[in-house]
Amino acid sequence: MARDEQLKVRWEAVVSMLSKRFADGDPLDLDAIIYLVGLQELGQLHRKFKKDEKVNLMHIGICRLLEPFGYYEFDYFDDDGWPHYKILEQLPPLKAGEQSVLMKDAIVQYFLEKKLIA
């Protein structure tokens, strides 16, 4: 199977799994999945978050997802248990579609690593 086709199949598996679990089957978009990754990485699953904290959860998700690609590196946990990352390499300028493919690839890799998809 070609790499693009494999990514598409795996991406659909991730969206289906998460949509069934968190959205009553309504398909989650890329931002919602990045948010869920950030929430998982923070580990504080049973609390309400303020708007600025939700933005920070998205940032955590992006950093964690792009860490294996060499863009970020985990640095430390702060006193409230929030992970902090440092930038290792600036992302290259990407068009919107290229950003989307990069993030989908990163999400698929994350879920493969967690052994939640095959």
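**Close-up 1. D24 sits in the loop between α1 and α2.** The model shown here and in the other views is predicted. D24 is not a glycine, yet its phi is positive, at about 50°. The residue is exposed, because its relative accessible area of 79% lies over the 50% cut-off.

**Close-up 2. K115 lies in the segment after α4.** K115 is a residue other than glycine with a positive phi, near 60°. Its relative accessible area is 72%, so K115 counts as exposed.

**Close-up 3. Helix α2 crosses helix α3 at roughly 85°.** Helix α2 covers residues 30-42, and helix α3 covers residues 51-66. Their axes come within 7 Å. The crossing angle falls in the range of 65 to 115 degrees, which means that α2 is roughly perpendicular to α3. From α2, the contact takes in D31, I34, Y35, V37, G38, L39, E41 and L42. From α3, the residues that meet them are K54, L57, M58, I60, G61, I62, R64 and L65. By class, the residues of this contact are 10 nonpolar, two polar and four charged.

**Close-up 4. G38 of helix α2 is in contact with L57, I60 and G61.** These partners leave aside the neighbours of G38 within four places in sequence. L57, I60 and G61 are among the α3 residues in the contact with α2. The C-alpha atoms of G38 and G61 are separated by 3.8 Å. Along the chain, G38 and G61 are 23 residues apart. G38 has a relative accessible area of 0%. That value is under the 20% cut-off, so G38 is buried.

**Close-up 5. V55 is found in helix α3.** V55 is exposed, because its relative accessible area of 53% is over 50%. The C-alpha atoms of V55 and Y35 are separated by 8.3 Å. The two residues are 20 apart along the chain. Y35 is one of the α2 residues that meet α3.

**Close-up 6. The largest pocket has a volume of about 360 Å³.** Its lining has 13 residues. L18, R21, F22, L36 and Q40 lie nearest the pocket centre. Elements that give two or more residues to this lining are α1 (3-22), α2 and α4 (96-113). The lining divides into 10 nonpolar, one polar and two charged residues.

**Close-up 7. The second largest pocket holds about 160 Å³ of space.** The residues that line this pocket are L30, D31, I34, M58, I62, L66, L91, P92, L94, Q99, L102 and M103. Helices α2, α3 and α4 each give two or more residues to the lining. By class, the lining has 10 nonpolar residues, one polar and one charged.

**Close-up 8. Residues of the contact of α2 with α3 also line the second largest pocket.** Among them are D31 and I34 on the α2 side, with M58 and I62 on the α3 side.

Technical notes: Residues are numbered from 1 along each chain as its sequence is written. This is a predicted model: local features need pLDDT of at least 70, side-chain atom pairs count only at pLDDT 80 or more; totals for chains, interfaces and linings use all residues. Side-chain values use heavy atoms; hydrogens and water are left out. Axes are lines fitted to C-alpha atoms, for helices over the stretch in contact, and angles run from 0 to 180 degrees between N-to-C directions. Helices (H or I, at least four residues) and strands (E, at least two) are DSSP runs, numbered from the N terminus. Angles under 35 degrees count as roughly parallel, over 145 as roughly antiparallel, 65 to 115 as roughly perpendicular and the rest as oblique. Contact means heavy atoms within 4.5 Å. Ala, Val, Leu, Ile, Met, Phe, Trp, Tyr, Cys and Pro count as nonpolar, Asp, Glu, Lys and Arg as charged, and the others, Gly among them, as polar. Buried means under 20% relative accessible area, exposed over 50%, partly exposed in between (1.4 Å probe, protein chains only). On a 1 Å grid over the protein atoms alone, a cavity is a set of points where a 1.4 Å probe fits but cannot get out, and a pocket is an open set with protein on both sides within 12 Å along at least five of seven lines; lining residues have an atom within 4 Å of a point. Grid points are joined across faces, edges and corners, and a volume is the space filled by probe spheres set on the points.
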